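Colleague: Before I rely on any of the wording used for this protein, could you take me through the terms and show what stands behind each one?

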Amino acid sequence: MIKFYFHPSPNPAKVALMLEETALPYELVPVDTRKGEQHAPAFIAVNPNAKTPALVDGDATVFDSNAILLYLAEKTGRFLPPDTPAMRAQMYSWLMFVASGIGPYSGQAVHFKHFAPAPKDYAVNRYDFEAWRHWNIVDARLAEHRYMLGDEYTIVDMAVWGWARAVPFVLGADAWDKLPHVKRLLDEINARPAAVRAEALRTAHQFKTEMDGDARRAMFPQNARLQE
Ligand SMILES: N[C@@H](CCC(=O)N[C@@H](CS)C(=O)NCC(=O)O)C(=O)O
């Protein structure tokens, strides 16, 4: 059975949605990143990057959320666009755009706005600007198309959904006023039974919620260098 290494945060959420959409049987393996469990040698053997999500499927080990989405889509033949070079080109482009743009800029915007010590104006401005720029590109795309790749719901929409859930935390409470098409996609996917089940995984395990000193040491190891 598939082992799914999970924490209730944006990148693992995409994979939870795909597993639920495909109804593949899986065993949930909680990795409590606020307790530092991502640094355990047994987990690093699965994902050398020490981050969630990761997945073990027999002799296949796959990490990085969008790689996992592709792996599961190829395994099941589901939630892929029509099999033409033009559509595959679109899929790879948007999947990598989410992986290298939406995720990192949104994640760093959250880090600097909510967790970094002052002074941080320069970093907040940079990451807020870039996060907005990336989300505006997604919104413009969704103004033209029902889904990211056209008329069909695919893994690219699941990749967007993972981070769209966090948009108010990333960009601010009024962000939805300016991203109506992203909000429309979020609401549509949220209503899917698979998304409801994926969200329910949040309570499948009692994950640590406090961002206390131990959690900061586990998640922001770079800060130790400031104390040397
Ligand atoms: N590129 C990776 C990023 C994974 C990532 O940043 N995961 C976060 C949760 S969304 C995590 O595990 N953070 C724990 C840490 O940074 O120590 C992916 O898409 O899977």
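Predicted model: local features only at pLDDT ≥ 70, side-chain atom pairs only at ≥ 80, totals over all residues.

Modeller: Let me begin with axes, which are lines fitted to C-alpha atoms, for helices over the stretch in contact, with angles running from 0 to 180 degrees between N-to-C directions. Helices (H or I, at least four residues) and strands (E, at least two) are DSSP runs, numbered from the N terminus. Residues are numbered from 1 along each chain as its sequence is written.

Colleague: What is the handedness of the crossing where H4 passes H5?

Modeller: H4 passes H5 in a left-handed crossing, a term used if the near helix is turned anticlockwise from the far one by less than a right angle, with right-handed used if clockwise.

Colleague: Which residues of H4 and H5 meet?

Modeller: Two residues are in contact if their C-beta atoms, placed from the backbone, lie within 7 Å. Among those that meet are Gly101, Ile102 and Tyr105 in H4 and Ala123, Val124 and Tyr127 in H5. By class, this contact of H4 with H5 has nine nonpolar, four polar and three charged residues, where Ala, Val, Leu, Ile, Met, Phe, Trp, Tyr, Cys and Pro count as nonpolar, Asp, Glu, Lys and Arg as charged, and the others, Gly among them, as polar.

Colleague: Why is H1 called roughly parallel to H3?

Modeller: Helix H1 (residues 10-22) and helix H3 (residues 65-76) pack at an angle of about 10°, with their axes 9 Å apart. Angles under 35 degrees count as roughly parallel, over 145 as roughly antiparallel, 65 to 115 as roughly perpendicular and the rest as oblique, so H1 is roughly parallel to H3. The contact of H1 with H3 has six nonpolar, four polar and one charged residues.

Colleague: What makes Arg225 buried or exposed?

Modeller: Arg225, found in the segment after helix H11 (213-219), has 7 other C-beta atoms within 10 Å. A residue is buried if 20 or more other C-beta atoms, placed from the backbone, lie within 10 Å of its own, exposed if 12 or fewer, and partly exposed in between, and therefore Arg225 is exposed.
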